[in-house]
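Please keep the structure open beside them.

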Amino acid sequence: MFSTVLETEDNAEPDFRIAPAYPARNQEKPLGRCSYNRALTGPREVPLQSIDIEERRRTEALLAGEKRLLELISTGSPLALVLEQLCLLVEDTAEGCRCSVLLVDPRGLSLQHGAAPSLPAGVVQAIDGRTVASSWGPCAVAVRDQEQLIVPDIARDARWRDGEWARLAAAAGLRSCWTTPIVAGDGRTLGAFALYQHTAGGPTPLHQELIGRFTHLASIAIERDAHEAVLRRSQAFLGEAQRLSGTGSFSWHVATDTIEWSEQTYRIYGIDPRQRVTFELVGSRIHPDEVEWFAALLGDARRHDSDLEFEHRLLMPDGSIRQLHVVAHATRNAGGDLEYIGAVQDVTERRRSEDALNAVRSELARIARMTALGALTASIAHEVTQPLTGIITNANTSLRMLTGESPDVDGARNATLLTIRDARRASDVITRLRAMFGRTTTALAATDLNAAVRELLLLVSGELQRAGVTVRTELGDDLPHVQGDRIQLQQVLLNLVMNAVDAMHGAENRPRQLTIRSVRDGDGVQVSIEDTGTGIDPDHLHRLFDPFYTTKTDGMGIGLSVSRSIVESHRGTLWVAAHGAGGATFAFSLPARGAEAPVVPRQTRGAASAGVSTARAAEDVS
Amino acid sequence: MSQPGIVYVVDDDVSVRESLELLVRWAGWQPRTFASARPFLNQPVERVPCCLILDVGLPDLNGLDVQQRLMARPDLPVIFITGQADVPMTVRAMKAGAAEFLTKPFDDEVLLTAVRRALESSDMVQRETAELETLRDRYASLTRREREVMNLIVAGLLNKQVGVELGTSEVTVKAHRGRVMQKMRAASFADLVRISSRLDPVSAKR
């Protein structure tokens, strides 16, 4: 391009304007001066100072453009905007070129324009939605074959000239098309980068360099966008999961007291997500009864990096109370700073339904006890009548001894002593009854199951005698105490014993023998109740523990189901150990550390104390 | 009653047993207490007015079963005491001849009265039994001919008719008759007829 100028004079230093391969737009003023000496250099070796200036300007503009693009990408600008800016930058840099970026959908099937700011809408619309496999236009082919495709002259290219694409291109005045696949770091084809010109021809090396740089930039932008889409999707999933499960997450950087909450945590605490979280803000929600305890908990957490698990209550501005379950894991970041990462769950509803369930369960247990009581009424009346008979007779005898002509004081004293003894007996019966049937709350204590068995047998001895049942006990003497509710466990025993008695009711021609055994079972205790009754019909076995299922004409069908629920609330199991024609054996086993929290029924418990103990327990473990 | 009556108490409940023991002793009788039926049933029979206070619900035998086994002891009236009485049980006991059926806790005066009556009844039965045994002994001391004469004269036959019946003389019949009256210690002929009917209540009605 310089040759005609240069060949006119031997020595010259003319100013001239260069029409560079990549001109900046509206570049009118001279860019520099060219000097040469033919004698010194010859026509083919022209040192052109101005080339340096031009190239530097061009490079600088390009770098600035690229930097702008990278900024857009890194600030998470929408992909469409980034790609449009990319196209415009390319078109600015390479004069006469029209640029477009086509995207392939994630499955690699169809094409869609990401940006084509200077292409006619007709061309864009004609390509959008085409499948890669259709090979409609050079871009589809480039994507399909995963290699650059240069069409220097569309109108003369045998592959395209008769096609629809060529007609559209011609209508838009496009003569040449160079399209290059955009490839991701892992080799997947993300799309195509296309340059069109209104003149025929192929890309120069400078064009190729631009193509290389911008396909790379485009791949970064597209991949980043895809990653962000995945991230946004996963965040949306997480957010939705947190919302659905009522679980929020948080982090607490101890040294700086920086607290971060997820959206759901804000929602749980009823705080505007735009607010910065401080302990003051958190403290304003803590239930007044638990403020001190909470502060102590935080103090502990600051000093020892232990995992935390506790429950506490919030008092919301509307006066409602929320029950939260918090779990936090202590971590050390790269700098060695203590940081807690955790989850907080709103368990208000769960606690409420648990409480309701427990209330129902305890009511059912009470009904079961009352039913058992009903069955025992006659026996119990008898139990009380016996000492009462003694009391009345003794008192009368004593009176007679004192009112005769020669009062027998010694005899009267003796009769009075007997009266007192019998009154104590009656009182003991009442006490046992009250313990068994009067109390509705749960009391957990280390329970001696053997003692519980013996006490229960005292209570039912009248009934057993009435039913003609003899009892044999084989109680192990090295049994650990079981953590549990003595009355509830006695209720289980009562239900099983009464069932056994009922089962032996029809057994006329064999001994009616009830055997109660207790043995050590691992670190717990196993108790079995064996009868010599009619056994259990195999057809009934699988439904035996179902609520309201009964084989008795006057049964309610709650004894066994309540018994199993009680045993399970003590982390034990209750099962049928034998059910043959010779009788049935029911057995239950309880671990030594049975119920750790009152399960049936739950009292409205002080969440604070429960929380503290849990947190302490967690510390002890760590 | 020469000796104080014996009151047997069979009840498995210690309060009932011991309170009755005191009451019975205070009333001047001899209490004998048992916690179950079998040891009581194995007791030797004593010829003293006695009665039984029996609990219906016993660990080994049912009180009504015990009553059945005592059918051969009309001199041992049974007073039932029970903590849980039902009508069929009461009816069964009374039909089987129970002296009384009391529900615990009972009025001690009622019980004392029942015991007193039972002991009187027992005394009477024992006396009658003793008398009858004496009469039987006397009857057993008669010769075969004397028994034949006695049976015929108490049936209302004259001496002459008896002689015809036995193929002997009237004089001989008279002699037998005198010995019968003497051996049977009958004060008069009417007395002999009464003794005879006690010895054989069935033929007496004929």
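1. In this predicted model, the charged end of Arg564(A) is placed over the ring of Phe545(A), at 3.6 Å from its centre. A corresponding arrangement can be looked up in chain B, where the charged end of Arg147(B) sits over the ring of Tyr139(B), 5.6 Å from its centre.

2. Chain A contains an open sheet of five strands with mixed pairing, and their order is 16-18-19-21-20. Strand 16 (470-475) and strand 20 (573-578) of chain A each have a single partner strand and stand at the edges, so one side of each is left without a neighbour in the sheet. Direction ignored, neighbouring strands of this sheet are turned by 15° against each other on average.

3. Within that sheet, strand 18 (residues 513-521) and strand 19 (residues 524-530) of chain A run antiparallel and are joined by seven bridges; Val519(A), for instance, has Gln526(A) in strand 19 as its bridge partner. Helix 17 (residues 559-569) of chain A packs on the sheet, where it touches strand 20 and strand 21 (585-590), and its direction makes about 125° with that of strand 20.

4. Over all chains the count of aromatic pairs is 13. Among them, Phe294(A) and Phe310(A) have ring centres 6.3 Å apart and planes at 70°, so the pair is edge-to-face. Because Phe294(A) lies in helix 11 (residues 291-303) and Phe310(A) in strand 12 (residues 308-315) of chain A, the pair ties together parts that are 16 residues apart in sequence. Phe294(A) is buried at 9% relative accessible area, and Phe310(A) is buried at 5%.

5. In chain B, Phe34(B) and Phe40(B) form an edge-to-face pair, 5.7 Å centre to centre with 65° between the planes, and both residues are buried.

How values were computed. Residues numbered from 1 in each chain as written. Chains lettered and ligands numbered in written order. Predicted model: local features only at pLDDT ≥ 70, side-chain atom pairs only at ≥ 80, totals over all residues. Heavy atoms only, no water. Pairing = 2+ DSSP bridges. Helix = DSSP H or I, 4+ residues; strand = E, 2+ residues; numbered from the N terminus. Axes fitted to C-alpha atoms, helices over the stretch in contact; angles between N-to-C directions. Contact = heavy atoms within 4.5 Å. Phe/Tyr/Trp six-rings, centres within 6.5 Å; stacked < 30°, edge-to-face > 60°. Buried < 20%, exposed > 50% of the residue type's maximum accessible area, 1.4 Å probe, protein only. Lys NZ or Arg CZ within 6 Å of the ring centre and 35° of its normal.
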